[in-house]
Amino acid sequence: MKMHCSLGERSYDIVLERGCLLDISEYLDCNRRYFIISDTGVPKEIIMSIRTQLKDANVFLVAEGETSKCMETYQMCLKMMLQKKYTRNDCVIALGGGVVGDLAGFVASSYMRGIDFINIPTTTLAQIDSSIGGKVAIDMDGIKNCVGAFWQPKLVLIDPNVLKTLPRRHFYNGLVEALKAGLIGDETLFEIFEKEDYLDYLDEILQRSLEIKRNVVEADEKETGLRKILNFGHTIGHGIESAAHFHDYYHGECVGLGMLAILEDKDIKQRVKRVLEKMHCPVQHHLDPKEIYKYIANDKKADGKSITIVQVSKIGEALLIEKSIDELERNCHEENI
Ligand code: NAD
């Protein structure tokens, strides 16, 4: 199926189709010049199958993992593109998970003042969430995504078949973003996760999650209001991720912990906890809350004293609430995740 993200001249198609990567000429111009950014953990077969379908493409492999979302790797990508004489008419392809997508998107947003960008996500997290919406960034000084841009892709190609090789922990980690999407905007999606055979609904999970994000992005591309609801669980989640130095927990796992920490409705919290346990995701962390809040206070969504957080009091509906940093700290201590 094909979805469309309507953003005026920045509009693009999102193709969600099993097997769509077997013949990409249907969706993009294979005669263009491409710079493919991928990482060392993406199976070679996937990279080669894309590379061989393109007439002129270089593949640049970065080390797998969050640490590649950094200034050094970003610079390496730009230098290689300059060395290989890429021009403004060429195109960057991100082939991998959210790390590669965020990095490659930021490279595309800034090379020669911005060139075309195509995202081919290969993890559940990227297929569910990060490949659409145009947020691209790298981390700096231990702070997540603090240097970046809004840069929409020209096309997103999603083939759920590539998820077969994804390690189990990464697979479930990505599903947490879909659980979040259900909580903020689609009760039916949330209820799918409560079914025993929820994995049989993977394609529907992907589609419903993408639709929620697409709708929100269309309404508020630059996150001046509504789009903030996509950050449900992320304020504390990013704090956990930073306090653990991007090491002990994956991004989605942190979002799961962040949702548990912020949820005030006991029933919803229990239901979320049960689903997270079923997905083998952590429901408790081992970090010092003080460390977490140090990073929350640095969050770019905080103005120093207060921060906008997202609350869910009814499944499928999200509210934006202003909270002081101190209140947030107390609240989370009390909740004792
Ligand atoms: P990731 O990109 O690190 O990928 C996880 C691992 O899976 C990596 O080791 C990778 O090499 C490997 N891999 C990728 N595809 C594979 C495949 N098909 N088979 C086997 N292994 C494969 O992690 P992620 O969870 O995809 O993304 C996390 C990142 O996404 C974080 O940096 C987070 O901040 C970012 N993110 C961005 C947005 C956004 O809107 N831009 C939204 C959510 C998360």
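Which side chain meets that of Glu241 in a salt bridge? The partner is Lys144, with an N to O distance of 3.1 Å, a salt bridge being a side-chain nitrogen of Lys or Arg within 4 Å of a carboxyl oxygen of Asp or Glu. The model is predicted, so that local features need pLDDT of at least 70 and side-chain atom pairs count only at pLDDT 80 or more, whereas totals for chains, interfaces and linings use all residues. Residues are numbered from 1 along each chain as its sequence is written, and side-chain values use heavy atoms, with hydrogens and water left out.

The domain assignment, which is automatic or taken from a database, divides the protein chain into domain 1 (2-165) and domain 2 (168-336). Their centres, taken over C-alpha atoms, lie 25 Å apart, and the contact (heavy atoms within 4.5 Å) takes 29 residues from domain 1 and 33 residues from domain 2. About 2,800 Å² is buried between the two domains, 65% of it from carbon and sulfur atoms; buried area is the accessible area (1.4 Å probe) that two parts lose on being put together, summed over both. On the side of domain 1, Leu125, Ile128 and Lys144 lose the most area to domain 2, together 22% of what that side buries. Six salt bridges are counted between domain 1 and domain 2.

Among the elements of domain 1 that each supply at least two residues to the side touching domain 2 are strand 1 (2-5) and strand 8 (143-150), while helix 4 gives the most, with six residues. Helices (H or I, at least four residues) and strands (E, at least two) are DSSP runs, numbered from the N terminus.
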